[in-house]
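Please read the points below with the structure open.

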Amino acid sequence: MTHSKFTIQHLSPLIGSYIRGLDLSQAIEEETLKELRAIWLQRKVLFFPDQQLTPQQQLDFTAQFGELDKYPFLDGMKDYPFIAEVLKLPEEKINFGGVWHTDTTYLEEPALGASLYAIELPPLGGDTMFANMASAYQALPDDIKQQIDGLNAVNTSSKSAVAKTRAIRFSGDVSTMQVITHTHPVVRIHPETGEKILYVNEAHTLHFEGQTEQQSQNLLNYLYKHAQKPEFQCRYQWTLGAVVLWDNRATHHYPINDYTGFRRLLHRVSLKGDKPR
């Protein structure tokens with residue numbers, strides 16, 4: 001599919017598209033940016049291969065999609081506080097964020113989205129999975145939809161599976177790491193598309209509001225398992241210089257940890273989100 005300034009190639013039926021023909025080191029013309037945003041909202045994650053960006057150019061590109069924000073649990077680069085280094089060293093066994101999740105749902109205003117830029121990659125492995133949570137919600141049985149519409153869930157930064165993936169990059173004492181907790185709708189309405197989105201995730205969701213963890217567990221486990229069905233997913237194989245931009249409000253992602261012994265470095269820029277409704 002060709003648009004005025006770029007071509008689109010879909011990676012899977014429900015999520016993910018390659019965008020070719022744009023030089024992201026330059027500002028995108030207003031009309032082209034409007035087209036691109038519409039495709040981004042529809043496809044949830046866009047892949048831009050073969051880019052050459054300075055840190056400032058990655059910031060400028062990402063800022064065309066929203067307000068830049070600092071990521072809460074990674075220090076920014078010395079001269080670029082809005083760029084976090086997502087790094088795995090050859091000797092490290094655990095990768096950062098290596099569990100299915102939506103970013104920062106423990107914040108009152110979780111991230112709108114983010115960009116990643118591939119600086120160093122292993123010779124093989126290190127793919128990232130993305131999943132479309134609007135499609136996941138649509139595919140739920142009606143009785144489950146009725147059960148979860150109107151429910152809220154408590155989300156926290158301290159669930160152990162994801163907290164331990166941050167510890168390797170945290171510069172202070174892990175026991176002093178701040179615990180952040182907020183409550184959000186289980187089904188959120190996308191502020192731009194109006195889609196209903198399944199908005200619980202295994203990494204951060206603790207329990208339904210008004211229920212204990214034990215009371216919530218069966219239904220939450222059902223929802224996590226449903227959200228991870230392959231039909232809602234795409235699997236992205238990184239190439240050097242690639243930029244990925246995802247809509248965090250409507251997706252889950254999972255960085256695959258299959259490249260121990262090799263170094264991998266991505267630069268990450270977050271976009272400030274709004275309060276889920």
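1. Which residues are buried in helix α2 (residues 55-63)? In this predicted model, Q58, L59, F61 and T62 are the buried residues of α2. Around the helix axis they cover an arc of only 165°, so they lie on the same side of α2.

2. The cover over the buried residues of α2 includes β3, β4 (68-69), β5 (83-88), β6 (113-120), β14 and β16 (264-271).

3. Helix α1 has 14 residues, 30-43. Just after α1, K44 has a positive phi of about 75°.

4. Buried positions in α1 are T32, L33, L36, I39, W40, L41 and R43. The buried residues of this helix pack against four strands listed here by residue range: β1 (7-10), β2 (17-20), β3 (45-48) and β14 (243-247).

5. An open sheet is formed by three strands in the order β13-β7-β15, with antiparallel pairing. β13 (233-236) and β15 (251-255) are at the edges; each has a single partner strand, so one side of each has no neighbour in the sheet. From one strand to the next, the twist averages 20°.

6. How many bridges join β7 to β15? Five bridges join strand β7 (residues 128-132) to β15, and the two run antiparallel. Across this pairing, M129 stands opposite Y254 in β15.

Methods:
Residues numbered from 1 in each chain as written. Predicted model: local features only at pLDDT ≥ 70, side-chain atom pairs only at ≥ 80, totals over all residues. Heavy atoms only, no water. Expected span 1.5 Å × (residues − 1). Buried < 20%, exposed > 50% of the residue type's maximum accessible area, 1.4 Å probe, protein only. Contact = heavy atoms within 4.5 Å. Pairing = 2+ DSSP bridges. Axes fitted to C-alpha atoms, helices over the stretch in contact; angles between N-to-C directions. Arc of directions from axis to C-beta.
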